Amino acid sequence: MADVVARDVRVPARPRVSARWLAQRKSMVAFGFALPLILVIALLVVYPALYAINMATLNKSMQYHVWFGNFTFLFKRNTFWMVVEQSVLFAVTAVIFKAVIGFIVAHLVHNIPLKGQRKWRGMLLIPWVIPPAMSTLAWLWLFDPSYSAFNWVFAQIGLPQIPWLGNPYWARAGVILVNVWVGSPFFMIMYLAALKSVPEQLHEAAAIDGANWLQKIWYVNLPMMRNIIQITALFSLIVTFANFDIVKILTNGGPVDQTHVFATWAFTLGIWGNDLPLGASVSLFMFPILGIAAILILRNIRKRGNEA
Amino acid sequence: MTTATAQVGRRAPGAVQYGSIARGQRRTLRWSYFFLILFVIFFLMPPIYMFITSLKTSAEIGAVTNPWWVYHPTLENYVNLLTQKTFLTFFRNSAIVSVLVVSVTMVISVLAAFSLARMKFWGSATLATGVFLTYLIPDTLLFIPLFKIFAWIHDVTGIELINHWWVLIFLYPTLTVPFCTWIMIGYFSSIPKELDEAALIDGASYLQILTRVFIPVALPGIIAATIFAFTVSWANFLYPLAFTTSEDQLVLPVGIVTTLIKGDVYNWGQIMTGALLGAAPPLIIYAFLMDYYIAGLTAGATKG
């Protein structure tokens, strides 16, 4: 009896139930596939990032809340304002130089015949491939106070010796130079890819209108590459702002904390100084710039998604 | 009509102007090569200088001679380092960590990217954006809270996580997983839907669609993501510097920086040799798989 009733109910409903069941099963499987990712992101990225905010409100031994105590302490220290200034100066200058050099080199590679481009591109990308910690050691040796290979060349051609890492201004220039050296190949590759997608007809049309090479770059290439230029610069701004390896190895923040950026200073305070909350407070200052850049990049991607 | 006039218009003064355009192009080409050579010198100078120094003895490095030339080349530094137990330990630690991180990352991100790009579930679109946002969170922001969390895990469970090389296996995925998932979503989304619908009608399960259709079709993307994951885990400097201190627990980049530089005594020949050997694995991979490397590089910012 029960059997009959059950069958009666089930028969007309079956297609609907099974379709829904299939859909449910599909999204269950999909969720299962994404579960490891969700766990990694939740436990190792999102939770620590939020925990950093909590940590920043604790005292040094992390026993009670001092709320904004760490921040008011930082605001009163000159070193903090120096680090803010240097982080911004470092990131902005380095990104501008990387973008300009990348733009120029991309055009140079684009100018030469197609069959040679691979070889040149291959050589020009090498600084990006070497682990930054390793290549910074080479720069440290090139900047050595007594055996600097640059100063040897300068001595040969009669230029004055440069105290590469000994003088605050030169040290600041030095860390920017190394960062530019590491990062410009990335810009070059991105801009070269963008250049390849500029239709050749536009250049021909510009040539017929009598545009010279500079006008072609300014009125044709630049507008066509605008999206890639923006997005590459934003990505690089994030990475450069959070840079650690180069400053840590090259100057370790010196001379007299003049070259510290947020990351290295946070490391010095948090790990070496054993004041984790203060270190966390310093590293949190990277959040605003990251947030702004993230919003801009997302908007850019969405806009492009709609156009496509 | 318009094309005809355009052709005529182009051809008529062409006879006169052709030579000057060709000359202009030749001049552009010559200048391009000239500046390219300058940039290549700038870009390759540090690695070349590393190589030059690595072939020198300490005596020659300290001598007042041309630093850009090797007068008495020797492989002494290479022999010394490659027979030194600590250096080989760094190499082994780095290799094990990188291989494991790459394997874990690829399994996690390929599964997740397949699910996010194709299967969709409640909240999957938000999660895809979330993956991208976490990719923007740098290690320099995460290392302090992670350090504290690991210390806390030690207090609660008694498992010591700090100062062990294998702890890096848990740390590096914070950098590799979001990016690899992000570019795999891009690659998987570009596969035509008809392909997996056909497989579905033939009765394939989702896992079969992934392994028999998606992975073979998106293989270039998988290679690019693998290379990225390897490069990142081989090169990372901050996590091992913060989390490991004992000499036998260090990985290559930190090992070279902390053990070869002893106080104020810099043995530059050995440091440069170590740095060059440390840079070798990514460089070798790059030399053989340059096109995949570049594809991965450009995909990160443009796909999605």
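Visitor: How is chain B divided into domains?
Guide: In this predicted model, chain B has a domain 1 that covers residues 2-45 and a domain 2 that covers residues 76-302. The centres of these two domains of chain B, taken over C-alpha atoms, are separated by 44 Å.

Visitor: And what does the domain assignment of chain A give?
Guide: For chain A the assignment gives domain 1 as residues 1-55 and domain 2 as residues 70-307, and the C-alpha centres of domain 1 of chain A and domain 2 of chain A are separated by 44 Å.

Visitor: How many residues does the contact take from each chain?
Guide: The contact takes 72 residues from chain A and 76 residues from chain B. On the chain A side, the largest share comes from helix α1 of chain A (residues 2-55), which supplies 19 residues.

Visitor: What classes of residue are on that side of chain A?
Guide: The side of chain A that touches chain B has 62 nonpolar residues, together with eight polar and two charged ones.

Visitor: Is their crossing left-handed or right-handed?
Guide: The crossing of α13(A) and α6(B) is left-handed.

Visitor: Which residues make that contact?
Guide: From α13(A) the contact is made by Leu276(A), Gly279(A), Ala280(A) and Ser283(A), while α6(B) brings Thr140(B), Leu141(B), Ile144(B), Pro145(B), Phe147(B) and Lys148(B). By class, the residues of this contact of α13(A) with α6(B) divide into six nonpolar, three polar and one charged.

Visitor: What about α3 and α8 of chain A, how far apart are their axes?
Guide: The axes of helix α3 of chain A (residues 78-111) and α8(A) are 6 Å apart, and the two helices pack at an angle of about 40 degrees, which makes α3(A) oblique to α8(A). The helix α3(A) passes α8(A) in a right-handed crossing, and the residues of their contact divide into 17 nonpolar, seven polar and two charged.

Visitor: Changing topic to backbone angles: what is the phi of Met62(A)?
Guide: Met62(A) has a positive phi of about 60 degrees, although it is not a glycine. Met62(A) lies in the loop between α1 and α2 (69-75) of chain A, and it counts as partly exposed because it has 15 C-beta neighbours inside 10 Å.

Visitor: And where does Val256(A) lie?
Guide: Val256(A) lies in the loop between α11 (245-250) and α12 (262-272) of chain A, and Val256(A) has a positive phi of about 40 degrees although it is not a glycine.

Visitor: Why does Val256(A) count as exposed?
Guide: Val256(A) counts as exposed because it has 11 C-beta neighbours inside 10 Å, and a residue is exposed if the count is 12 or fewer.

Visitor: Over in chain B, what does Ile159(B) touch?
Guide: Not counting residues up to four places away in sequence, Ile159(B) touches Ile153(B) and His154(B). Ile159(B) is found in the loop between α6 and α7 (168-171) of chain B, and with 9 C-beta neighbours inside 10 Å it counts as exposed.

Visitor: Last one: how far apart in space are Leu195(B) and Phe214(B)?
Guide: They are 8.9 Å apart, C-alpha to C-alpha, and 19 residues apart in sequence. Leu195(B) lies in helix α9 of chain B (residues 193-201), and with 13 C-beta neighbours inside 10 Å Leu195(B) counts as partly exposed.

How values were computed:
Residues numbered from 1 in each chain as written. Chains lettered and ligands numbered in written order. Predicted model: local features only at pLDDT ≥ 70, side-chain atom pairs only at ≥ 80, totals over all residues. Domains from an automatic or database assignment. Left-handed = near helix turned anticlockwise from the far one by under 90°. Helix = DSSP H or I, 4+ residues; strand = E, 2+ residues; numbered from the N terminus. Contact = placed C-beta atoms within 7 Å. Nonpolar A, V, L, I, M, F, W, Y, C, P; charged D, E, K, R; others polar. Buried ≥ 20, exposed ≤ 12 C-beta atoms within 10 Å, placed from the backbone. Axes fitted to C-alpha atoms, helices over the stretch in contact; angles between N-to-C directions. Parallel < 35°, antiparallel > 145°, perpendicular 65-115°, else oblique.
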